[in-house]
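Please read these notes with the model open beside you.

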Amino acid sequence: MTADAALFPSIPPLPARPEAAAPAPEAPAPTSDGPIGRLEALMRDPMQFLDASERAVDDPSAAASLARVLLAAIAVGGGIFGAVVGAHRGGLQVVWCAVKVPLILVLTLVVCTPAFVALARAAGLALGARGVITLSLASCARFALVLLGLAPIVWLAQGWSMGYHRVILAVVAVCAVAGFAAVRLTFRGLARAGGAGARVAVAVVTIFALVGAQTSWILRPFVVRPRTEHVPFVRALEGDFLAAVVTTARSAVRYSGAARADVT
């Protein structure tokens, strides 16, 4: 044995490190076909919902099941929001509003859907009548669910004693936000159906907004005037929705100015 071998004994080589295995691709998250899963996709992932609804319309039983889920969402979401609005007056008005808000959406669908189908066919969109009906129902259901989520804002407005006109403006603002969510779904659904889908979506949204606003005006009152003694289910037809909103905004400004003058 040499001197070098005695001073530096041979060191056995380290064992080779095993190569790290490549990570397995993540499996897509399972989606539920139940009512809660469909509504969750409607609110959180509209594109996934549209994919599922396109598959459903090819099967009559699946389309009918989806339609029942969407109608239930309209009834529950719109009904609870209506009850919150009616709580400003209380009593029987809570029931009337809980009935009238879903009724507005359903009546607007009944009036507008034939026009939607005609526009889709005239534009040559790859979307049949069943697909148009499903998309219309889904947009209304999304509108109702957003109303349900924003109902606490109206509740707080009532609790802060904001007054009759300001509560009405709060309700209109909440409905505008919900309408924007429904419009986004409508545009996405029609844009997938062909090149003219965006133009058809503009016409569809315009018709639906005008008819829905006028239907809500016909079925008023929702926030009852403080001096009204007996709450009717509907009032006599006078004026229109847009003129009423302008008048309410002016009244809110006038009464708020008078209140500040009294305080000072």
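1. A crossing of two helices is left-handed if the near helix is turned anticlockwise from the far one by less than a right angle, and right-handed if clockwise. By that test, α5 and α8 cross in a right-handed way. Helices here are DSSP runs of H or I with at least four residues, strands are runs of E with at least two, and both are numbered from the N terminus.

2. Keep the source in mind. This is a predicted model, in which local features need pLDDT of at least 70, side-chain atom pairs count only at pLDDT 80 or more, and totals for chains, interfaces and linings use all residues. Residues are numbered from 1 along each chain as its sequence is written, and side-chain values use heavy atoms, with hydrogens and water left out.

3. Now the overall plan. The chain has nine helices and zero strands. Of its 264 residues, 38% are buried. Buried means under 20% relative accessible area, exposed means over 50%, and partly exposed lies in between, with a 1.4 Å probe and protein chains only.

4. Back to α5 and α8. Their axes come within 9 Å and cross at roughly 150°. Axes are lines fitted to C-alpha atoms, for helices over the stretch in contact, and the angles run from 0 to 180 degrees between N-to-C directions. That crossing makes α5 roughly antiparallel to α8. The cut-offs are under 35 degrees for roughly parallel, over 145 for roughly antiparallel, 65 to 115 for roughly perpendicular, and oblique for the rest.

5. Next, α6 (residues 129–159) and α7 (residues 164–191). Their axes come within 8 Å and cross at roughly 155°, so these two helices are roughly antiparallel. The crossing of α6 past α7 is right-handed. Their contact holds 20 nonpolar, five polar and two charged residues. Nonpolar covers Ala, Val, Leu, Ile, Met, Phe, Trp, Tyr, Cys and Pro; charged covers Asp, Glu, Lys and Arg; the others, Gly among them, are polar.

6. How many aromatic pairs are there? Rings of Phe, Tyr and Trp (its six-membered ring) pair if their centres lie within 6.5 Å; planes under 30 degrees apart are stacked, over 60 edge-to-face, and the rest tilted. The count by this rule is two. Trp96 and Phe233 are edge-to-face because their planes stand at 85°, with ring centres 5.1 Å apart. Trp96 is in α5 (residues 92–122), while Phe233 is in the loop between α8 (197–218) and α9 (241–263), 137 residues apart. Trp96 is partly exposed at 24% relative accessibility, and Phe233 is partly exposed at 31%.

7. Phe116 and Phe208 make a tilted pair, 6.3 Å centre to centre with 35° between the planes. Phe116 sits in α5 and Phe208 in α8, so this pair ties together parts 92 residues apart in sequence. Is Phe116 buried or partly exposed? Phe116 is buried, at 4% relative accessibility. Phe208 is partly exposed, at 22%.

8. Lys100 lies over the face of Phe222, 4.9 Å from the ring centre. Lys100 also lies over the face of Phe233, at 5.3 Å. A charge sits over a ring if NZ of Lys or CZ of Arg is within 6 Å of the ring centre and within 35 degrees of the ring normal.

9. Arg220 and Pro221 are joined by a cis peptide bond, with omega about 10°. Pro221 is in the loop between α8 and α9.
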